[in-house]
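Reader: I have a model open and want to go through it piece by piece. Can we start with how the helices pack?

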Amino acid sequence: MTPLNLHPAAKEPTWINFWGWGSGDMLGAGAQAVITGWLFYFFTTFCGLSAVEAGLILGLPRLLEAITCPLIGYVSDNLRHTWVGRKIGRRKLFLLITIPLLPSFALIFRTGHSFTYYLLTFIFFELLYTMFLIPWETLAAEMTKDYKRKAKFAGARMIVAQSSAILASYLPTLLISHFGGKDSPDTFFWMAAIFGVIFSVVVTIVVLTTWERPYGTREQAVMSQTFGGFDLKAALAIPVKMFRDLFSTLKIRAFRQHLSIYLGGYLSQDIFNTAFPIFVATVLMGATLVISQLMTLMYVAQLISVMVAIQIVIRTGPVLAYRIAISLFGAALLMYLGFFLTRPEGFQAAFVALGANLFTALDPTRETFSPALIFWLFLPIMLAGLGRGTLNFVPWSVYNYLPDIDEAVTGQRREGIFAGVMTLVRKVAQSIAIIATGWIIDLGGYISPKSRPGEVIVQSPEAIQTITALMVGGPLLMMLFGLVASWSFRLNASTHAVLVHEVERLREGATEAETPENGRIVEDLTGWSYDRLWGRGSGHAADSSLQPLQARP
């Protein structure tokens, strides 16, 4: 029987593969859109939980993934040594396990349970999510080495991601009329149930439309060895080797820069996503229906943003796109701050007069038509969406190139461990951000409407000030962190082409760069001197004896 993961080396992806693999972000981003957009609001509004409790439920499971993320990445990389990995696929084995279990997502959105119930059900789903996400993320990097094709994979992924986010934001609007009025918890249960079924379908599509990288000469040599019975010493050494490999990725200069850019873009959104629904409910005085429509508009803008960002990244590289995104999202945040400080006269009355459909504000024939209302209601959220879409796209477009840089240093392909490290860092940082956000909101005096579900509670001025300061200041601080890192990031189409060319030469035994300029580019991306690339000097990339290139003056 032919192993599922062995395909001809010359096979190149087509649009079916781009979109088939990209459909996986219906789970990758769709689940996160529901979780970050609605779960904190759901817990504090319908489940009788405080902001601190809701923050702990969203944050604690991600701390546990400090073990599961790198473990899954490490195991998926090394399943090539096993019979099941060769027959089913070292990545696809994990995907197949998750397919029947993903509909359990709906169990999180049941009311009337304890803090422990919500914590355990969320931990279970996060484990499934990680089992899918890390192996899936490696596949695009495995299916092609071409810069433009990698960008197309990332683009397809982000278009699917933003489309799933639109669905996550707009489904409550569609379901509200069928399940108990405008503020019923059943709205969220049925939304999660629909998504749970979709998740299983898209993972099946991913399995059918992707392939894993053919094994190289070194890997085939390892696979040809006989793997006997259980080796206790080898088993005990796995955690040590796993974390050694984990930390070895941080010795790659471009990866360290990339993590800063990644966290700056994503943590800014974590804070915004947590605070924004409460900002709408307290400052704009809108309920679930209003939040749903504003989030839908934002995600539509994100989808448009990704389509533009794909072309910017292909033509100029990721840095310009990232800086434009920060400018747009930052402008939106400052506009919300301006709204809070000025409280435009007549806005509240005009806003209430809109009723259930915010988009009627665009009708110039209405007696209460107000340009000021249109300005404050739509412009900030559109700018936020245009910035956020690109902030989502850039880090994952860059990820597809990182295994190429690592291969120059190690002579190995370690897509899994890089996906594991990225997800680990993201989850831990996200956990801290969400727990801190919930704690700050609670400390500011926010009152959870747990005794009157669905009813808009008038919060104290201090609580509203805290929510606004957090929603504006937190993302701006995170984006500034990412912006600083972006100044020294040099990966683009031309430098990547040089890198791939030099990797091929290293594979053939080269010890010097083809030209001094090529050498400079490779050393800048890797952080290593050229004569120490390809595992030279230590024999193994993860060896702690490796010493990276010293920073240039």
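Reader: In which hand does α16 pass α19, left or right?
Author: α16 passes α19 in a left-handed crossing. Keep in mind that this is a predicted model.

Reader: At what angle do α16 and α19 pack, and how far apart are their axes?
Author: The angle between helix α16, residues 402–410, and helix α19, residues 493–507, is about 35 degrees. Their axes are 10 Å apart.

Reader: Which residues make that contact?
Author: From α16 they are D404, I405, E407 and A408. α19 contributes H496, L499, V503, L506 and R507.

Reader: And how do the residues of the contact divide into nonpolar, polar and charged?
Author: Five are nonpolar, one is polar and three are charged in the contact of α16 with α19.

Reader: Zoom out. How many helices and strands does the chain have?
Author: The protein chain has 20 helices and zero strands.

Reader: What share of the residues is buried?
Author: Of the 553 residues in the protein chain, 59% count as buried. The chain exposes about 21,300 Å², and carbon and sulfur atoms supply 67% of that area.

Reader: What about contacts between residues 24 or more positions apart?
Author: Such pairs account for 82% of the protein chain's contacts with a separation of 6 or more.

Reader: On to single residues. Where is S397?
Author: S397 is in helix α15, which covers residues 371–399.

Reader: Why does S397 count as buried?
Author: Because its relative accessible area is 0%, and buried means under 20%.

Reader: W396 next. Which helix is that in, and what does W396 touch?
Author: W396 lies in helix α15. With residues up to four places away in sequence not counted, W396 touches E137, A154, R157, M158, Y262, Y266 and M422.

Reader: How far is W396 from Y262, C-alpha to C-alpha?
Author: The two C-alpha atoms are separated by 8.3 Å, while W396 and Y262 are 134 residues apart along the chain.

Reader: Is W396 buried or exposed?
Author: W396 is buried, at 4% relative accessibility.

Reader: T209, then. Where does T209 sit, and what does its side chain reach?
Author: T209 is in helix α8, residues 186–209. Its side chain reaches the backbone oxygen of I205 at 2.8 Å. Beyond four places in sequence, T209 touches I16, N17, G20 and W21.

Reader: Why is T209 called buried at 16%?
Author: T209 has 16% relative accessibility, and the cut-off for buried is under 20%, so T209 counts as buried.

Reader: And R323, buried or partly exposed?
Author: R323 is partly exposed, with a relative accessible area of 24%. R323 belongs to helix α13, residues 318–342.

Reader: Which residues does R323 touch?
Author: Not counting residues up to four places away in sequence, R323 touches L483, S486 and W487. The C-alpha atoms of R323 and W487 are separated by 9.6 Å, and the two residues are 164 apart along the chain.

Reader: What about phi of W534?
Author: W534, which is not a glycine, has a positive phi of about 60 degrees. W534 is in the segment after α20 and is buried, with a relative accessible area of 14%.

Reader: Last one, I304. Where is I304, and how far is it from T390?
Author: I304 is in helix α12, residues 288–316. I304 and T390 are 9.3 Å apart, C-alpha to C-alpha, and 86 residues apart in sequence. At 43% relative accessibility, I304 counts as partly exposed.

Terms used
Residues are numbered from 1 along each chain as its sequence is written. This is a predicted model: local features need pLDDT of at least 70, side-chain atom pairs count only at pLDDT 80 or more; totals for chains, interfaces and linings use all residues. Side-chain values use heavy atoms; hydrogens and water are left out. Helices (H or I, at least four residues) and strands (E, at least two) are DSSP runs, numbered from the N terminus. Buried means under 20% relative accessible area, exposed over 50%, partly exposed in between (1.4 Å probe, protein chains only). Contact means heavy atoms within 4.5 Å. Accessible areas come from the Shrake-Rupley method with a 1.4 Å probe; for residues, only the protein chains shown count as cover. Axes are lines fitted to C-alpha atoms, for helices over the stretch in contact, and angles run from 0 to 180 degrees between N-to-C directions. A crossing is left-handed if the near helix is turned anticlockwise from the far one by less than a right angle, and right-handed if clockwise. Ala, Val, Leu, Ile, Met, Phe, Trp, Tyr, Cys and Pro count as nonpolar, Asp, Glu, Lys and Arg as charged, and the others, Gly among them, as polar. A polar contact is a pair of N or O atoms within 3.5 Å; within protein, one must be able to donate a hydrogen and the other to accept it, and residues adjacent in sequence count only if both atoms are side-chain atoms.
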